[in-house]
Amino acid sequence: MQPAKILPKSAFPGWIDFLKRSYTVVGPKAMHGQTVFGEIETADDLTLEYNQSVIPPKKYLVPQREVLIEYKLDGTEVEAKFNEEATVVFGVHTCDLHAIKLLDLIFSKGFTDQHYAAHRDNTIIIGYECLTTCGPESFCRSMGTASAPESAYDLHIIDMGSDYFIQIGTERGEALFTGYDGVFTATEPDYARMNGTLSDKWQRFPYRLDVDVTEIPDLLAESYHSDHWQELADICLACGMCTQVCPTCYCFDIRDEVDVTLSVGKRVRSWDSCQIDSFALVAGGHNFRETRAARQRHRFMRKGKYQFDATGMVGCVGCGRCATACLVDITPIKTFNELYRRQQQQPEEVEA
Ligand code: SF4
Ligand code: SF4
């Protein structure tokens, strides 16, 4: 890894202006009492000390709605559309960095998703170390996501009071300082201060799951026939909000939108939700996940087991967004802990 940089906070606005000359810069902004990721014009637009953003920064890699191809209906032209906008995404929390790492694995498994790859290639990720937990619904420490995964960021920023300690993740991250003279190479005392800042933070990050993250895939497998899925279904509104705000949900629908002239069309993909009753409706009218209980089970199985089986990473990063968004208070903390409690109460099988 390249030596880290020190950026005095007094030089931070100038660096943002410098980046704006070459990139669209987006980051966390305050809006109506919430935090949303959006384009920034100056450093003043940024809210770096934020609790969880409503929608995760994954929207820059997997947009809510994206045109995949444009075509003429007579078949003479078909053009694939790819993102080409050079963008810097600023201030990504560590849990969202883990989510991006998971999306990288998912979208490159088997056939690489070229549209995701184009977004990834044109998007520079700057992480921001959380020094306090986002709120009572976040459980990043329990999920092992309260520290930044090196493979997901280009730069990673740690607030050290009067200046920022900036870890270099990639060459293109380091290149963001090329031609900017307000930054310095970190020295040994800077590394010592940074290590002190990181070790101090843990007292502010409680464990909120009773079960260890490594046991979650087996817990889910053993809970497949649990009565708890029906108990969740009895209150679930099937609104789909939990999946819309989740940084690791990526299920999509694809539709063709044909112009009123019937001469040109677009193929568009947009976010979908496994909690919506029509999600698993297939040709012939069969719905293979018709009940809310089946859909709730699928959601948690997918987070806790299926994505782990596919990638080696548990599919929940503990951000807590789904819990905040859910009107009936269905939360991963309560669900995982309740499944664990029931598992612990089961009598041990006695071998014959
Ligand atoms: S399931 Fe909930 S807590 Fe887990 S990553 Fe998704 S939104 Fe965050
Ligand atoms: S947000 Fe809550 S009520 Fe809505 S689908 Fe998800 S679990 Fe059900």
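**Exercise 1. Find how far apart the C-alpha centres of domain 1 and domain 2 lie, then describe the side of domain 1 that touches domain 2.**

Solution. Keep in mind that you're working with a predicted model.
- Start with the bounds: the domain assignment gives domain 1 as 5-204 and domain 2 as 213-345.
- Now take the C-alpha centres of the two domains, which sit 26 Å apart.
- Next, list the contacts: 35 residues of domain 1 are in contact with 32 residues of domain 2.
- Which elements does domain 1 bring along? Strand S4 (65-72), H2 and helix H4 (140-143) each supply at least two residues of its touching side.
- Sort that side by class and you get 19 nonpolar, eight polar and eight charged residues.

**Exercise 2. Work through helix H10 (residues 292-311): its reach, its bend and its buried residues.**

Solution. 
- Reach comes first. H10 has 20 residues, and from first C-alpha to last it spans 26 Å, close to the 28 Å expected at 1.5 Å a residue.
- Then look for a bend: there's one of about 55° at Arg 302.
- Arg 302 also turns up among the buried residues of H10, along with Arg 295, Phe 300, Lys 303 and Phe 308, to name some of them.
- What do the buried residues of H10 pack against? Their partners are helices H2 (94-108), H7 (216-222), H8 (228-235), H9 (241-244) and H12 (332-345).
- Finally, step just past the end of H10: Gly 312 takes a positive phi of about 85°.

**Exercise 3. Decide whether Gly 75 and Gly 179 are buried or exposed, and place each one in the fold.**

Solution. 
- Gly 75 lies in the loop between S4 and strand S5 (78-80).
- Count its neighbours: Gly 75 has 7 C-beta neighbours inside 10 Å, so it counts as exposed.
- Gly 75 and Ser 263 are 188 residues apart along the chain, with their C-alpha atoms separated by 9.7 Å.
- Gly 179 is in the loop between helix H5 (171-174) and strand S10 (184-185).
- Here the count is 9 other C-beta atoms within 10 Å, and the cut-off for exposed is 12 or fewer, so Gly 179 is exposed.
- For its pair, take Met 31: 148 residues away in sequence and 33 Å away in space, C-alpha to C-alpha.

**Exercise 4. Characterise the shell around ligand 2.**

Solution. 
- Ligand 2 is surrounded by 13 residues.
- The closest are Cys 236, Leu 237, Cys 239, Cys 242 and Cys 326.

Definitions and conventions
Residues are numbered from 1 along each chain as its sequence is written. Chains are lettered from A and ligands numbered from 1 in the order in which they are written. This is a predicted model: local features need pLDDT of at least 70, side-chain atom pairs count only at pLDDT 80 or more; totals for chains, interfaces and linings use all residues. Helices (H or I, at least four residues) and strands (E, at least two) are DSSP runs, numbered from the N terminus. The expected span of a helix is 1.5 Å times one less than its number of residues. The bend at a residue is the angle between axes fitted to the seven residues ending there and the seven starting there. A residue is buried if 20 or more other C-beta atoms lie within 10 Å of its own, exposed if 12 or fewer, and partly exposed in between; C-beta atoms are placed from the backbone. Two residues are in contact if their C-beta atoms, placed from the backbone, lie within 7 Å. Domain bounds come from an automatic or database domain assignment. Ala, Val, Leu, Ile, Met, Phe, Trp, Tyr, Cys and Pro count as nonpolar, Asp, Glu, Lys and Arg as charged, and the others, Gly among them, as polar. A residue is near a molecule or strand if its C-beta atom, placed from the backbone, lies within 6 Å of it.
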